[in-house]
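Me: Please take a close look at one part of this structure. Start where you like, then show me how that part joins up with the rest. Keep it brisk.

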Amino acid sequence: MCTNIVYEWLKTLQLPQYAESFVDNGYDDLEVCKQIGDPDLDAIGVVMPHHRRRIHEAVRRLKEADERAAGLY
């Protein structure tokens, strides 16, 4: 099993089972994960609606954290 930032992120979402598929599909860092959409989740194999919602919500939080950080500079 891969141990990288995406694995750790998915682990906090209680979705570590997708880590290998994320990395295999090029989502190997959180900057790339911020761009994830429904077609990407299809390709990764995330089919359960509540898992998809959890990931979309987490991506939204990542983007908001970036916006808050950008305001500091």
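Reply: A residue is called buried when its relative accessible area is under 20%, exposed when it is over 50%, and partly exposed in between. Keep in mind that this is a predicted model.

Start with H51. H51 has a relative accessible area of 8%, so it is buried. It sits in helix α5, which runs over residues 49–70. What does the side chain of H51 make a polar contact with? Its partner is the side chain of Y18, at 2.7 Å. Leaving out residues up to four places away in sequence, H51 touches L15, Q17, Y18 and V46.

Now step to R52. R52 also belongs to helix α5. Is R52 buried or exposed? Its relative accessibility is 13%, so R52 is buried. The side chains of R52 and D38 form a salt bridge, 3.1 Å from N to O. This pair links distant parts of the chain, since R52 is in helix α5 and D38 is in helix α4 (residues 38–44), 14 residues apart. D38 is partly exposed, because its relative accessible area is 40%. The R52 and D38 side chains are also listed as a polar contact of 3.1 Å. Beyond residues up to four places away in sequence, R52 touches D38, L41, D42, V46 and V47.

In general, an α-helix has 3.6 residues a turn, so residues three or four places apart point the same way. R61 is partly exposed, because its relative accessibility is 41%. E57 is partly exposed as well, because its value is 31%. Salt bridges with shared partners join E57, R60, R61 and E64 into one network. The whole structure has 8 salt bridges.

E8 and K11 are 3 residues apart, about one turn of α1. E8 is partly exposed, because its relative accessibility is 36%. K11 is partly exposed too, because its relative accessible area is 42%.

Stay with α1, which covers residues 5–12. V6, Y7, W9 and L10 are buried there. Seen down the helix axis, the buried residues of α1 fall within an arc of 160 degrees, so they line one face of the helix. Those buried residues pack against α2, α3 (30–33) and α5. How is the N-terminal end of α1 capped? N4 caps it: a side-chain oxygen lies 3.0 Å from the backbone nitrogen of V6. After α1 comes Q14, with a positive phi near 60 degrees.

Next comes the core. The largest nonpolar core holds 19 residues, and those with the most contacts inside it are W9, L10, F22, I36, V46 and I55. Helices α1, α2, α4 and α5 each supply at least two residues of this core. In soluble globular proteins, nonpolar side chains tend to be buried together. F22 shows how the pieces meet. Not counting residues up to four places away in sequence, F22 touches V6, W9, L10, Y27, C33, I36, L41, I44, V46 and I55.

V23 lies in helix α2, residues 19–24. V23 is partly exposed, because its relative accessible area is 28%. V23 and W9 are 14 residues apart in sequence and 12 Å apart in space, C-alpha to C-alpha.

An unreviewed UniProt entry carries the annotation "domain: SAM" for residues 6–65. In the model, this span is 68% helix and 0% strand. Its end C-alpha atoms lie 16 Å apart.

How values were computed
Residues numbered from 1 in each chain as written. Predicted model: local features only at pLDDT ≥ 70, side-chain atom pairs only at ≥ 80, totals over all residues. Heavy atoms only, no water. Helix = DSSP H or I, 4+ residues; strand = E, 2+ residues; numbered from the N terminus. Buried < 20%, exposed > 50% of the residue type's maximum accessible area, 1.4 Å probe, protein only. Polar contact = N/O pair within 3.5 Å; in protein donor to acceptor, adjacent residues only side chain to side chain. Contact = heavy atoms within 4.5 Å. Arc of directions from axis to C-beta. Salt bridge = Lys/Arg side-chain N within 4 Å of Asp/Glu carboxyl O. UniProt positions renumbered as here; feature names shortened; annotations may be inferred. Core = buried A, V, L, I, M, F, W, Y, C linked by side-chain atoms within 4.5 Å.
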